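Let's take a walk through this model, one piece at a time.

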Amino acid sequence: MKYSQRTSFLLALSLLIPFALRAQVTSERLLHATDEPQNWLTYSGSYASQRHSLLKQVDPSNVKNLELKWVFQAQSLQKFETTPLVIDGIMYLTQSPNDVIAVDAKTGRAFWVYHYATSPASRPCCGIVNRGLAILGDTLFMATVDAHLIAIDSKDGHAIWNVKLAEASAGYAMTMAPLVVKDKVILGVAGGEFGVRGFISAFEAQSGKQVWKFDTIPDPDQPGHDTWRGGDWEHGGGAVWMTGSYDPELNLTYWGTGNPGPDWNAEQRPGDNLYSDSVLALDPDTGKMKWYFQFTPHDPYDYDSVQVPVLVNSNWNGAPRKLLMWGNRNGFFYVLDRSTGKFLNGKPFVKVNWASGLDANGRPIATPQPAGATTYPGIQGATNWYSPSYSPRTGLFYISAWENYGTIFAGVKADYVAGTRFTGGANMSPVAGAENPTGTRTGPVNTYTEAMGSGAVVAIDPATGDKKWKYEMHDVNTSGILTTESDLLFVGGREGYFQALDARTGTLLWKQNLGGEIIAGPMTYQVDGKQYVTIASGNGLFTFALRE
Amino acid sequence: MKIRCYPFRAIALFAAVCALSLAQGPGVQAQGQDRAPEYYKADIQYGAQIFASQCTACHGTSGDLIPGVNFRAGVFKRVVTDNDLRATITTGVPGTEMRPFTFGASELTGIVSYLRNMNSTDAKNAMIGNAGRGKELFNGVGNCASCHAVNGKGPRVAPDLGDVGAVRTADLLHRKLVDPADNLLPVNRSVRAVTKEGKTINGRRLNEDTYSVQLVDEQEHLVSLTKSDLREFTVLKTTPMPSYKDKFNAQELADIEAYLLSLKGVK
């Protein structure tokens with residue numbers, strides 16, 4: 001990716017004529033989102049989901065001069081996992097449970113708040129959270145924890161339509177930012193801890209009418225069903241709770257799927273359990289699957305493969321190739337051909353002992369640990385849903401990792417009861433006296449310490465899968481990553497620090513203690529010639545820019 | 001910079017700022033007292049309609065079919081305050097036929113207002129609005145749709161009314177229609193700003209603080225202004241929304257109120 005003449009022209013135009021680009025967000029604009037780096041038009045910044053910005057006003061030489069410009073305090077004590085959108089100087093963010101707020105991106109002052117009263121029947125597994133929005137035209141799209149999709153007018157914050165995707169009382173929920181492709185809104189459902197049957201579905205952006213639905217767990221009439229025994233598929237999981245990516249040339253969307261159900265007692269669901277823990281390549285017009293690749297067949301570890309798919313066009317063995325890069329919760333970094341799903345390379349990026357490696361087709365060579373022994377990575381995985389980043393300038397893939405973190409897994413029989421947990425595990429921490437660590441730590445004291453292992457930002461050379469550098473953290477790292485054209489890397493962490501690293505070397509250049517756990521992805525934008533960097537921490541959304 | 005409020009001057013306003021201001025903010029009567037200080041005709045009539053469709057099967061048209069309960073006479077088993085009434089309606093009475101009802105705030109205000117005034121209300125001859133005819137008036141001769149959107153369809157210079165029937169009572173809607181200027185929600189007031197460079201910006205206020213103001217301008221853009229950048233900033237107390245007191249007769253007002261009350265938001 002180059003900083004094209006078109007990009008330069010558009011950026012210059014936007015700075016000279018602030019109101020000139022206040023047009024609707026067309027599907028054409030979404031296709032070329034990186035050409036207007038002053039905006040942040042999708043959850044991951046672009047359809048390729050590289051979370052890389054062409055802005056470079058803030059650079060390694062001046063990043064030390066970043067200062068806080070404004071804070072938005074969420075009216076909620078739930079986890080704050082949002083990545084905002086910014087369109088022509090207006091920021092749109094979400095706060096728990098399902099509020100949308102439009103604010104001035106320069107000052108943080110609010111224009112309006114849309115509040116959605118969620119159903120008391122909703123029961124998301126892991127927090128009443130929302131990660132963001134999608135936009136098309138003047139309409140925002142939000143998925144809710146009670147499994148509704150709502151269209152909201154971006155100008156005045158009123159709902160335009162509201163459709164229910166599934167029953168919240170059965171454990172279905174939605175926490176992801178939807179993906180808009182052409183005239184459709186595409187999204188999936190969470191609920192893998194409740195024995196749901198996952199699916200991805202598309203809706204007309206204009207009307208909310210459902211266009212297609214793809215079941216991630218095949219029924220007896222669908223291919224892949226033979227990887228299940230009897231009726232196990234009916235509660236087979238395969239939830240889809242993170243935003244996918246899109247390749248317009250191939251006209252394919254890419255989606256990661258979650259664990260099979262029950263999570264940990266694999267004995268009661270023999271088979272590979274397709275399409276759990278997989279990446280699916282779906283036609284956005286029809287929902288038909290072109291290919292799939294399963295990362296963790298017959299998963300007993302809850303290694304959801306819901307990570308954001310990162311699309312890169314690069315040379316592979318000397319020839320141009322459309323690549324799909326994936327830092328998986330199971331501890332392996334993968335490179336696939338995204339045209340076909342062919343496995344190209346894979347290598348662990350943390351300590352792994354559940355598999356000794358991957359075979360020529362990318363299938364893990366399973367090495368189940370004896371009862372009572374520690375399996376690496378542990379329940380929360382080597383990474384999780386936090387967005388990785390790819391920098392076309394450095395050619396490196398960056399991921400937040402949990403290192404030396406393991407769990408003693410023990411499956412127990414689980415009976416399916418609609419709307420109740422269907423997980424089937426009696427898992428333990430390998431550290432005496434420590435509880436089994438949870439996905440997030442909400443207090444200021446790190447009581448887990450060694451029980452949780454440690455965190456890191458790992459820079460991976462995709463050509464080899466080797467680590468180029470590593471930035472170590474004491475606590476594990478739950479933050480997404482942003483890189484910029486000036487070779488900066490922004491990342492948070494559970495300790496509450498917001499950090500800028502040199503993307504080429506991993507050297508720490510700047511840090512600010514924001515005082516609250518960071519479990520969101522950073523993003524950047526520009527208004528009136530000034531670049532801003534934004535991150536959610538604790539219950540606040542913090543925005544920085546260079547000191548005048 | 002001058003900051004002042006002064007009467008409406010037509011030339012200074014863009015015609016589309018019909019700040020009906022019904023879509024946000026407080027709209028139901030205070031609930032922290034035994035009885036509302038006053039019950040309003042529009043609420044009573046709205047409540048009478050709801051009562052007729054939802055309550056008479058058990059309570060009867062006079063509200064006296066349940067032993068020990070006589071609404072017209074003000075006799076209740078356990079209700080003392082208006083809040084008791086609301087609670088009984090929304091939670092029901094366990095062990096009886098009285099089930100919980102999921103009424104919105106404006107509907108509850110209507111029912112409570114009617115129950116407190118059954119004795120003096122001639123429900124049979126109450127003015128019953130027709131929501132269908134009201135919708136025609138809204139989109140037709142009333143010209144409401146030239147400023148107001150409903151569920152995202154229409155202009156944005158005045159508030160979207162898609163959920164106005166859920167957040168505003170019948171009485172407030174009635175008063176707004178007949179006397180819009182005196183019933184303007186402050187945040188929705190029209191503002192006029194002139195920058196130091198001489199650019200004039202007219203719009204509907206959405207938010208304001210000591211140093212800045214947020215509005216939607218005549219081009220339907222969200223605009224945030226820093227007050228120190230302004231030469232003049234004016235909040236107008238008037239509204240270009242016309243009064244419908246003389247434009248619509250009583251039946252037409254009832255019709256349009258019925259339509260607005262039917263707008264409960266996107267579910």
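**Two chains and where they meet**

Chain B is built from eight helices and six strands, where helices (H or I, at least four residues) and strands (E, at least two) are DSSP runs numbered from the N terminus. Starting at the N terminus, the elements of chain B go β-α-α-α-α-α-α-α-β-β-β-β-β-α. Before we go on, a word on the ground rules: this is a predicted model, in which local features need pLDDT of at least 70 and side-chain atom pairs count only at pLDDT 80 or more, while totals for chains, interfaces and linings use all residues. Residues are numbered from 1 along each chain as its sequence is written, and chains are lettered from A and ligands numbered from 1 in the order in which they are written.

How much of chain B is buried? Of its 267 residues, 40% count as buried; a residue is called buried if 20 or more other C-beta atoms lie within 10 Å of its own, exposed if 12 or fewer, and partly exposed in between, with C-beta atoms placed from the backbone. Among the contacts in chain B with a separation of 6 or more, 71% are between residues 24 or more positions apart. Two residues are in contact if their C-beta atoms, placed from the backbone, lie within 7 Å.

Buried residues come to 58% of the 548 in chain A. For contacts in chain A with a separation of 6 or more, 59% join residues 24 or more positions apart.

Where the chains touch, 18 residues of chain A are in contact with 18 residues of chain B. On the chain A side, strand 5 (99–104), strand 6 (110–115) and strand 10 (159–164) each supply at least two residues, and strand 10 of chain A gives the most, with four. By class, that side of chain A has eight nonpolar, three polar and seven charged residues. Here Ala, Val, Leu, Ile, Met, Phe, Trp, Tyr, Cys and Pro count as nonpolar, Asp, Glu, Lys and Arg as charged, and the others, Gly among them, as polar.

Gln214(B) is buried, with 23 other C-beta atoms within 10 Å. Leaving out residues up to four places away in sequence, Gln214(B) touches Asp104(A), Arg109(A), Phe111(A), Leu206(B), Asn207(B) and Ser224(B).

Next, the helices of chain B. Helix 1 (residues 41–54) of chain B packs on helix 7 (residues 170–178) of chain B at an angle of about 130 degrees, with the axes 7 Å apart. Axes are lines fitted to C-alpha atoms, for helices over the stretch in contact, and angles run from 0 to 180 degrees between N-to-C directions. That makes helix 1 of chain B oblique to helix 7 of chain B; angles under 35 degrees count as roughly parallel, over 145 as roughly antiparallel, 65 to 115 as roughly perpendicular and the rest as oblique. Ala42(B), Asp43(B) and Tyr46(B) of helix 1 of chain B make the contact with Ala170(B), Asp171(B), Leu173(B) and His174(B) of helix 7 of chain B.

Helix 7 of chain B is mostly covered, with seven of its nine residues buried. Those buried residues pack against helix 1, helix 4 and helix 8 of chain B.

Helix 8 (residues 250–262) of chain B also meets helix 5 (residues 131–139) of chain B: their axes come within 7 Å and cross at roughly 95 degrees. That makes helix 5 of chain B roughly perpendicular to helix 8 of chain B. By class, their contact has six nonpolar, two polar and five charged residues.
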